[in-house]
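Here are my notes on this model, point by point. Please keep the structure open while reading.

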Amino acid sequence: MSEHAEPKFKPADNPTFSLPSSLASLQLPLLGGGLVALIIGVAMGFAAESEDMPRFGFSTYLTAYMYVLTLSLGSLFFVLIQHLVRAGWSVVIRRIAECFMILLVPLAILFLPILFSLFFEGRLFVWTDPNYASEHGLDSKMWENKQMFLNAPFFIGRAIFYFVVWGGLAVYYWRGSTNQDETGERAATDRMQYWSGPAVMAFSLTTSFAAFDWGMSLAPMWFSTMFGVYIFAGAILSAHCLITVVTYVLQRHGAIKDEVSVEHYHDLGKYIFGFVVFWTYISFSQYLLIWYGNIPEETEWFYARQRGLFGGLSLVLILLHWLVPFLGTMSRHVRRRPGLMACWAVYILVMHAVDIYWIIMPEARHLVHGNIPSMGGAVGLIASVLSIVGMTALFVGLGLRVASGNRVIAVRDPRLRESIVFENF
Amino acid sequence: MSDTKSEKIVHGMMAEFTTVDSLLSACRRIRDAGYTKTDAFTPFPVHGIDKALGIKPTVLPWICFFAGITGTCIALTMEIWMNGIDYRYIISGKPFISLPAFIPVAFELTILLASFGAFFGMWALNGLPRFSNPVFTDPRFDRATDDRFFLYIDAKDDRYDAAGVRSLLTDTGSDYINEVVEDDSPKAVPRPIYMIWGAAVAASIIPLLCVLLMRVTNSSQPRFHIFPDMDFSPAKDAQQTTSLFGDNRAMRPDVPGTVARGQLIGSLDVMTGIDVDSLQAMNAPRAERLVAAFMQDDQAAVAEEVTEVATEEEEQAEASVMQTTPWVKDNPLTVDQALLSRGQLQFGVYCSVCHGMDGRGNGLVNQRAQERGFDTWVPPSNMHEDTLYSDKYPDGKLFSTISNGIRKMPGYAGQITVQDRWAIVAYVRALQLSQNASLDSVPASRKDEVSQAVESAKKELQRQAEEAAQAAAAREEK
């Protein structure tokens with residue numbers, strides 16, 4: 001029926017379906033090295049704290065954490081959406097997303113330092129500082145209303161709720177998929193598809209509110225209803241990039257070589273291109289409305305990001321997070337070259353880290369109107385980079401640990417054949 | 001034209017297949033045989049048929065891409081030209097060329113033109129629109145949308161040779177091979193089409209006839225308004241009354257302190273001729289009253305503030321004017337030929353009637369007043385008196401005098417714009433200079449001309465004096 005030779009189906013215990021040993025052996029170095037780098041990075045972050053930057057230490061941790069959290073959440077959404085639309089093409093790469101999706105469970109533990117920061121008043125979230133309203137001359141009535149949402153017990157309760165929802169979804173879909181490797185029952189797929197609708201709704205609400213809680217509430221007087229979608233846009237974009245990179249690395253090490261073809265890279269490339277545009281669209285609509293409305297309490301957030309070094313970083317984001325990858329991944333010829341596509345994916349993953357950094361770090365400054373956010377000098381920059389790199393290494397190490405105990409492809413998914421022979425028009 | 005089939009124009013060869021696989025293998029055969037102008041027709045999409053036929057990827061994405069870029073450029077150029085250059089319009093205090101506001105339109109136009117590029121580009125690449133394609137002459141071709149697969153080799157192909165193609169297609173296992181020939185079905189447009197078209201044209205005259213009929217006949221019915229809100233605008237016209245405001249005026253006066261666009265000349269110093277900062281230091285209450293009067297747009301109060309100074313000045317007779325009011329010493333506008341010409345024109349219009357074209361205070365009004373001998377008449381100043389030169393009568397004071405008047409002279413602030421008043425000041429200074437200029441300051445090329453004029457003027461004066469003397473002598477003799 002097609003130009004491809006008829007696919008050969010390998011038995012479920014084929015060695016190319018498990019994590020190559022060369023990659024599996026990277027687990028411990030990545031976990032250990034990542035943890036050390038993270039601790040040193042965050043420690044340097046605390047060292048970089050000054051009167052102008054009183055929240056630098058916890059902010060570096062939050063930046064690194066939000067980065068890997070968005071990767072993991074994006075992977076979860078990828079899995080949910082494939083089930084929701086009953087996608088056939090993605091079966092061969094879905095397990096890779098699942099391996100990162102299940103990391104939401106250990107990420108719940110890594111969230112503890114952020115909860116821990118609540119005990120130090122105003123050391124990360126300024127709304128925990130009881131003097132914040134009086135120091136900044138805020139209207140007490142309004143601040144009381146804000147405090148009905150922004151208070152430590154409710155915040156902790158919400159965080160637990162988010163992780164219960166995400167963890168529950170991740171475990172449910174992980175179990176369903178891995179159990180199918182053994183049983184091969186079709187009903188598992190049907191069950192996962194059945195729950196994917198409510199799951200996507202639960203996911204979108206929790207993700208949006210988590211973004212409000214952990215990103216937006218750093219500047220408690222600022223609000224943007226678009227912010228949740230903005231974080232989600234970065235998450236889903238980087239998840240596709242992560243899947244592309246990991247698939248490429250796995251293939252380079254000999255796994256799933258016959259299953260994933262250039263067609264899958266082409267499709268991932270289309271999504272990456274599309275979500276680059278989506279990220280731009282969302283971030284621009286958030287900016288345009290606030291820019292046009294020009295209301296002081298709304299513009300404050302962007303104002304801080306339009307001056308000094310962060311002003312330059314905003315321009316860098318426009319050029320390097322939109323224009324360059326937009327033009328770079330536009331062509332079909334690029335998308336059909338896995339090596340090139342993996343390079344673009346790595347590039348966008350780096351830009352996503354810059355994006356998260358741009359969202360969180362300016363709020364580490366002393367929140368007085370007109371105070372230009374700084375990057376904390378050389379020490380601060382190294383701290384930020386080191387903690388993000390460390391956290392990412394930890395994340396990838398955990399992912400490898402999960403993958404080494406399982407197969408890297410859903411071997412008995414009923415749509416596996418459809419996925420292998422999948423071809424773009 | 002003969003009716004025999006062999007003489008018809010041949011467009012290509014069509015072969016029918018019953019399965020996808022036989023079609024694909026046939027496609028590969030003819031691709032490998034080197035045919036390029038080929039096409040396959042299937043009732044459903046077939047994966048890999050592009051490759052099997054050797055069809056090159058389409059250039060449509062490129063058309064789409066460049067159409068999109070064109071859209072972006074058109075939108076940005078249009079917006080920058082319209083809002084930033086041609087008709088500058090302040091919208092909520094944003095800059096004229098404000099890119100964030102331009103992006104939605106640029107985005108939409110990019111999408112629009114990219115879609116047009118894709119849609120019309122596809123038409124162009126497919127040779128559309130066309131009414132018919134010769135392949136439809138094949139009697140079995142209709143089944144291409146049903147359950148048969150067809151392969152077509154165009155006669156325009158370089159390798160086309162009827163016998164060779166037929167044998168090649170036979171080799172691929174097709175059991176129905178047919179030459180595609182020119183469609184010989186009648187090309188004449190059926191009569192009913194003409195009739196419908198004619199009826200449509202005839203019917204299209206009806207609305208026009210209705211309009212014409214209505215224009216020339218009287219009717220007892222009220223006029224029919226298609227857009228009543230455009231015929232009867234709820235907006236008030238100038239000079240109408242309204243119950244909305246206490247003063248019943250539909251035309252609203254400016255809010256005090258409003259500065260209309262294009263009317264902001266510069267600082268208050270330029271508007272008053274007084275160095276307001278120095279006045280503040282010298283006489284703070286007066287400065288405040290002056291600024292307040294300006295903010296309220298109260299001409300009378302402004303004039304009063306300045307007149308007060310004038311009386312003070314007269315009392316202190318010889319005291320320097322700078323001691324009572326810190327007047328602006330130099331003309332704040334750039335004095336050039338254009339400004340002087342403007343000043344000359346305005347001086348001619350407003351000032352010369354009293355002060356005379358030469359500024360010596362003997363304008364037509366003065367002449368007439370002298371003739372009539374009005375006892376309340378105060379003669380206009382001679383601009384060439386020492387006390388009116390810039391060392392004693394600073395530019396700012398001259399400006400203020402023009403604006404607010406002095407003695408019998410009324411203020412001209414209502415008639416002459418601020419720039420024109422300063423232009424008059426500049427012209428008066430030039431006029432004063434001209435009366436004291438030495439011949440040295442005249443350009444060498446025109447020195448002769450001037451000295452001749454001076455000579456002839458002297459002669460004329462002499463002649464007049466002699467005439468007068470003769471006349472006097474004649475009168476005495478009588």
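1. Start with a salt bridge inside chain A. A:Arg186 pairs with A:Asp190, and their closest N and O atoms are 3.9 Å apart. That falls under the rule's cut-off, which asks for a Lys or Arg side-chain nitrogen within 4 Å of a carboxyl oxygen of Asp or Glu. Why are the two about one helical turn apart? Because A:Arg186 and A:Asp190 are 4 residues apart in helix H10 (residues 186-214) of chain A. In general, side chains of opposite charge can pair when their charged atoms come close. Bear in mind that this is a predicted model.

2. Now the total. By this rule, the count over all chains is 28 salt bridges. How many of these cross the interface of chain B and chain A? The rule finds 0 there. Polar contact across the interface comes to 1 residue pair, with both residues at pLDDT 80 or more.

3. Next, the make-up of the chain B side. Helix H1 (20-32), helix H2 (49-53) and helix H4 (99-126) of chain B each supply at least two residues of the side that touches chain A. Which element gives the largest share? H4(B) does, with 5 residues. By class, this side of chain B has 11 nonpolar, 4 polar and 5 charged residues.

4. In contact are 20 residues of chain B and 14 residues of chain A. The area buried between the two chains is about 1600 Å². Carbon and sulfur atoms give 69% of that area. In chain B, the residues that lose the most area to chain A are B:His47, B:Lys94 and B:Pro100. Together they account for 38% of what that side buries.

5. Chain B also has a nonpolar patch on the surface. Its members are B:Val59, B:Trp62, B:Ile63, B:Phe66, B:Ile69 and B:Leu125. Together they have about 560 Å² of accessible area. Which helix gives the most to the patch? Helix H3 (residues 60-86) of chain B does, with 4 residues. B:Phe66 lies in this helix H3 of chain B.

6. Two backbone details are worth a look. The peptide bond from B:Leu128 to B:Pro129 is cis, with omega near -5°. B:Pro129 sits in the loop between H4 and strand S3 (149-154) of chain B. In chain A, look at A:Arg86. A:Arg86 is not a glycine, yet has a positive phi of about 50°. A:Arg86 is in the loop between helix H3 (56-84) and helix H4 (91-101) of chain A.

Conventions:
Residues numbered from 1 in each chain as written. Chains lettered and ligands numbered in written order. Predicted model: local features only at pLDDT ≥ 70, side-chain atom pairs only at ≥ 80, totals over all residues. Heavy atoms only, no water. Contact = heavy atoms within 4.5 Å. Buried area = accessible area lost by both parts, 1.4 Å probe. Polar contact = N/O pair within 3.5 Å; in protein donor to acceptor, adjacent residues only side chain to side chain. Nonpolar A, V, L, I, M, F, W, Y, C, P; charged D, E, K, R; others polar. Patch = residues over 30% accessible without salt bridge, like charges linked within 9 Å, V, L, I, M, F, W, Y side chains within 5 Å. Areas by Shrake-Rupley, 256 points an atom, 1.4 Å probe, with all protein chains shown as cover.
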